[in-house]
Structures are given as C-alpha cells and as structure tokens.
Amino acid sequence: MARLDLHRHLEGSHSPAALAAVAQAHRVMDPVFFDAAAKRYRTAAELSAVLTMAGPSDDAMVFYRCITKARAAYVTVDAIAELARLAFVEAAHDTDGFEMRVSLFSMTRTLLDNEGIDWRALPPVAFAERARAILLAVLGARDAAVVSESKPMLVRVGFSRTFESEAHYEAMASILPEHKAAICGLDVLGIVVGPDKEPMPAALRRILERLRPDIPDLTIHAGEFEDHSSVERTLELQPQGIGHGVRSVESDATLARLANDGVTLEVCPTSNHLLIPTVLRTLEHRRGVTPLRALQQAHVHCVLGSDDPTPMGTTFSTEWARAEANGVDMVRLEADIDRRWQQLVSRR
Ligand SMILES: [Zn+2]
C-alpha cells in the first residue's frame with residue numbers, strides 16, 4: 001500500500017520544531033523566532049501558536065501570514081538547506097514517499113529581502129543565480145533525505161501567479177532545463193488578491209510553454225478560490241494535474257471533461273476546510289458528499305495531499321484517515337495515486 005503525498009509545499013512543511021532548531025543554530029534574530037525582551041529563542045510550542053491557523057477562514061491572508069512568518073527563517077542558503085532537509089525527513093516519516101513543491105521565486109525573493117537586498121534592483125541574471133543556489137540546496141537536502149530515509153521524494157518547481165516581474169521570472173525559468181533531471185515537473189500556485197484570484201498571466205503561460213519540452217509535467221492550482229470556469233481555462237494548457245479543482249463539482253460538463261482528458265485532481269481535504277469553508281459547505285450541500293467522493297463518482301482521477309501541514313495543523317496520515325472516514329473509495333484512490341506516481345517517475 002503506497003501512501004504517497006502528491007500535493008505538498010516546502011514552505012508549509014517546516015515544522016515548529018525544525019524552525020526552532022534552525023533559528024537557534026543560524027542565529028535568526030527575527031521577532032517571530034527571537035524574544036528580544038527575554039533574550040531567548042522561542043520554543044517549538046510557542047512557534048506553533050503563531051505558525052498554525054487557529055481555525056477556518058475565507059480570508060486566505062490568514063493562511064498566508066503563517067507562511068510569511070515561517071519564511072523569516074530563510075536567512076541564508078545554509079539555513080534553507082537545513083530547513084529543507086528536515087522538511088523532507090519529516091515528510092518521509094509521515095508517508096511512503098511524496099512530491100514536494102518548491103516556490104523558487106518566492107524563496108529567492110524572501111532570502112534577498114532577509115539579506116536587505118532590493119531584489120527588483122538586482123539584474124535578472126543575478127537573481128536567477130541566487131535562485132539556482134537555493135534550488136541546488138533544496139535538491140541536495142532531498143538527496144540526503146532519500147539516503148537517510150530510503151523513501152522516494154520528488155521535487156516540483158512552482159511559479160507564483162503573483163508574477164511580480166516578467167524579466168526575473170524569465171531568467172529564473174531559463175536555468176531550469178539544466179536541472180531537469182532532478183525536477184519532476186512545474187506548478188502554478190499563489191495567493192492573489194483582486195477580482196480574479198486564479199489568474200494565468202499571458203507571459204507566465206509563455207514561460208511554461210517554453211519549458212515544457214524539457215519539463216513536461218504541469219500542475220496548476222485552480223478551482224479553489226475561483227469557480228469551475230477557472231478549471232476550464234486551466235485545461236487549455238493541458239496540465240497533467242490540477243491542485244484542488246474541487247469546484248469542478250459545480251459543473252457536470254467540467255467533470256466530464258476532466259474524466260475524459262484523464263487529468264488528476266489533487267485533493268487536500270483539511271486545506272479546503274480551512275481556506276474555503278463557505279464554498280466547501282455549498283459544494284457538500286449540493287452533492288450530498290465531500291468533493292473527493294463526488295469527483296470519484298464522476299470518474300475523475302483523484303490523489304490526496306496535505307498541502308501545507310504546518311499552517312494547516314495536519315499530516316498526510318490525518319488526510320488519509322479523514323478520507324477513509326468520509327467514505328472515499330480507498331481502493332480507487334490508491335489506484336489513482338499509483339497511476340499518477342507512474343506518470344511522474346516514468347518521464348524522468
Ligand atoms: Zn497547494
């Protein structure tokens with residue numbers, strides 16, 4: 001039985017214990033980690049209280065603030081490497097293997113911010129080289145964890161739809177083909193405020209299209225903060241997977257298209273419960289079952305993910321138990337996980 005976590009982000013996988021240890025070892029003086037008045041580092045229990053969501057909220061910024069706080073520990077490439085290694089080891093303890101998503105642009109921008117460098121003033125090529133150093137640190141951490149834990153671990157590189165600078169994204173993208181053997185695919189993600197919460201900027205689409213001959217597997221977050229039409233427009237890019245996509249259950253036509261195209265939806269039950277509570281209630285009321293069950297009933301391939309375990313206060317084991325308790329067809333789920341995993345490892 002393969003319990004493979006196929007939707008998980010590195011930035012949301014730094015446990016309070018890992019952050020507390022790295023903050024102390026790497027002298028992170030940010031007030032999130034260091035209590036200047038008491039002249040001591042905060043404990044894992046104290047960090048847990050500020051890095052984990054207190055409860056469900058339709059305001060995605062509540063979640064994003066937890067991520068931003070954890071990022072304050074990205075003070076050097078070495079600190080990132082150690083945080084990544086601990087995240088891979090802890091994810092291995094919670095699963096039979098997994099795919100980890102790395103928001104390379106956000107991590108690079110954050111490291112530069114924490115170094116006091118204005119990233120926008122940095123030439124795109126120089127920015128891309130800093131991104132490469134972070135990518136190599138993360139890949140090295142993954143390789144070390146594979147050796148120590150003897151479990152399979154894939155790395156996917158995510159592009160944020162916040163898309164702050166076309167030139168910097170372009171430069172970062174241009175280094176990725178050199179590392180294609182170590183990367184399982186590309187992802188589009190990001191919390192965006194504004195009328196369209198799941199935009200696909202045309203310039204970002206062009207970057208993805210240019211990269212795909214080298215890195216073909218593409219997943220896109222959609223149908224989470226926006227409705228089923230967001231999933232429909234995402235399908236124009238022919239992704240192999242869609243992050244969440246639960247609002248597809250609003251439309252029989254979208255469900256039929258997903259089943260027909262063989263696209264895999266990566267469903268993260270706790271994430272939906274915490275980030276889109278009102279929408280989730282509507283979806284469950286409409287179908288009478290959870291989105292994961294409704295998707296299975298519509299013959300859509302589905303896998304399971306923990307998304308961001310630390311801010312969401314969950315584990316992959318919790319997601320698995322939750323799926324079982326909600327009447328998910330576990331035989332089918334495992335078959336879909338195996339199918340998707342084979343797609344990921346056969347391309348490499
Ligand atoms: Zn996600």
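## Helix packing around H6

H6 and H7 cross in a right-handed way; in such a crossing the near helix is turned clockwise from the far one by less than a right angle. This is a predicted model, where local features need pLDDT of at least 70, side-chain atom pairs count only at pLDDT 80 or more, and totals for chains, interfaces and linings use all residues. Residues are numbered from 1 along each chain as its sequence is written.

Helices here are DSSP runs (H or I, at least four residues), numbered from the N terminus. Two packed helices are described by the angle between their axes and the distance between the axes. Axes are lines fitted to C-alpha atoms over the stretch in contact, and angles run from 0 to 180 degrees between N-to-C directions.

| Helix pair | Axis distance | Angle |
|---|---|---|
| H6 (residues 124-149) and H7 (residues 166-175) | within 8 Å | roughly 50 degrees |
| H4 and H6 | 8 Å | about 35 degrees |

H4 also passes H6 in a right-handed crossing.

Which residues of H6 meet H7? They are Pro124, Val125, Phe127, Ala128, Ala131 and Arg132. Contact means C-beta atoms, placed from the backbone, within 7 Å. The residues of this H6 and H7 contact divide into nine nonpolar, two polar and two charged.

H4 meets H6 through residues including Ile80, Ala81 and Ala84. The residues of the H4 and H6 contact split into 14 nonpolar, two polar and three charged.

Beyond its neighbours within four places in sequence, alanine 84 is in contact with Leu10, Ala137, Val138 and Ala141.

Methods:
Helix = DSSP H or I, 4+ residues; strand = E, 2+ residues; numbered from the N terminus. Contact = placed C-beta atoms within 7 Å. Nonpolar A, V, L, I, M, F, W, Y, C, P; charged D, E, K, R; others polar.
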